[in-house]
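Here is a short briefing to read alongside the model. Have the viewer open and follow the topics in turn.

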Amino acid sequence: MNILDLLHTDGHMMKKAATTNGGEYCGPCPFCGGKDRFRVWPESGRYWCRGCNKQGDTIQYLRDKRGLSFQDACSFLGRDPGERKDKPAATTWTPKESKTPGEPWRRNASAFLDVVIKNLWAPSGAPVRQWLNAEKGLSDETIKKARLGYSRADLFEPRASWSLSANVIDGKERKLWIPGGLVIPFIHNGDVHRLRIRRDNPGDGSRYVVVSGSSPAPLMIGRDKAAAVIVESEIDAWLISQEAGDLIMTISMGNAQAKPDTATHTILKDTPIILNSLDTDDAGAKAAWKFWPETYGGKVRRWPAIHGKDASAARLNGLNIREWIIAGMFGDDEKTFERFCIQTIDGGLSDREAINLIGR
């Protein structure tokens, strides 16, 4: 029996909600009774409730719902339990402080960024700007706010001039490589702390390259908001901020496996609503299942983009980004959203005060 069979046998009927990850089903939670926050992925045999955070596989379901032992659950499913050994205690995750690049690195990065921003707004940068407008949904105002730029060719700089240690391979000192392509900076307190390049023609190499010496800190836009959405790409973060930045903070992790640094973790601990919108590929789904709900509990809601692996792709397929964010924060209840607006606009409450008041 798969997980859907078990649920149906126990009287919990699920309906298909999406085709991602082999098919996603939703329905009432067998544990907390929530009406629409329980999600099931039959292909992987997993389930997760965004309300009470119950999650697991078919064996875990039998143990939690029917009270079976591990041995009895395996026997019921016709599986060989094998030799069980006590698992070592899980290592406690501790956030790390993101290291700030040295002053020479920041100075050179700032000078480089000034040049590539001018390149992007020159007539030769028109095709890149049009791609950002049409494919990624960014307005010219957002492109300028994000300080995106365009490097026309690969550059090779002396590492010492950027305060970087020597990189010697086979007796030959390598220079700092700054690929040509779309330049996506991370700015903190007015200084450039990271340069990420989206290469035009990566060939067999990586599409995205982070310039050596950059800070690994996540990009956070709108830190004063009482809800956060977690994405991988900085471009997606700027798109969501553009469409719903008055409602939600956007945090770009860079990739699915990245973890919050100390500053980001401190903010997320006090954030009432966290929407997990890591990409709907295997890496994003795996990270969404484990780290985020285990670290931040039931306030984390898996909220992948609909009709696309990320927000940009979903927008191209018709997703209204703002409505998608509102649904993630407030559900399908328009009255709840109206109450939030009334409390913040007419009542003068902060986002956090309003969310706490209406019980979200």
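The structure is a predicted model, in which local features need pLDDT of at least 70 and side-chain atom pairs count only at pLDDT 80 or more, while totals for chains, interfaces and linings use all residues. Residues are numbered from 1 along each chain as its sequence is written, and side-chain values use heavy atoms, with hydrogens and water left out.

**Antiparallel sheet**

- Five strands make an open sheet in the order S1-S2-S3-S4-S5, and the pairing is antiparallel. Helices (H or I, at least four residues) and strands (E, at least two) are DSSP runs numbered from the N terminus, and two strands pair if DSSP finds at least two bridges between them.
- S1 and S5 (55-56) are the edge strands, each pairing on one side only.
- S3 and S4 (residues 46-49) run antiparallel and are joined by four bridges; Val40 has Tyr47 as its bridge partner in S4.
- Four residues lie between the strands in the hairpin of S3 and S4, where Gly45 takes a positive phi near 75°.
- Two bridges hold the antiparallel pairing of S4 and S5, with Gln55 in S5 as the bridge partner of Trp48.
- The hairpin of S4 and S5 has five residues between the strands, and Asn53 in the turn has a positive phi of about 70°.

**Mixed sheet and its helices**

- Another open sheet has five strands in the order S14-S16-S15-S17-S18, with mixed pairing.
- S14 (219-221) and S18 (300-302) stand at the edges with a single partner strand each, so one side of each has no neighbour in the sheet.
- From one strand to the next, the twist averages 20°. Axes are lines fitted to C-alpha atoms, for helices over the stretch in contact, and angles run from 0 to 180 degrees between N-to-C directions.
- S15 (residues 227-231) and S16 (residues 249-252) pair in the parallel sense over four bridges, and Ala228 stands opposite Met249 in S16.
- Helix H7 (residues 234-244) lies across S14, S15 and S16, running at about 5° to S14.
- Helix H12 (residues 321-330) packs on this sheet and touches S15, S17 (273-276) and S18, its direction making about 130° with that of S17. Contact means heavy atoms within 4.5 Å.

**Largest pocket**

- The largest pocket holds about 710 Å³ of space. On a 1 Å grid over the protein atoms alone, a pocket is an open set of points where a 1.4 Å probe fits, with protein on both sides within 12 Å along at least five of seven lines; lining residues have an atom within 4 Å of a point.
- Of the 30 lining residues, Arg39, Arg50, Trp303, Pro304 and Ile306 are the closest to the centre.
- S1 (15-18), S2 (24-27), S3 (38-41), S18 and H12 each supply at least two lining residues, and H12 gives the largest share, five residues.

**Confidence**

- The average pLDDT (the predictor's confidence in each residue, from 0 to 100) is 86 for the chain, and 86% of the residues score at least 70.
- Over residues 84-89 the pLDDT is below 50, and this stretch has two contacts in the model beyond near neighbours in sequence. Where pLDDT is low, predicted coordinates should not be read in detail.

Terms used:
Grid points are joined across faces, edges and corners, and a volume is the space filled by probe spheres set on the points.
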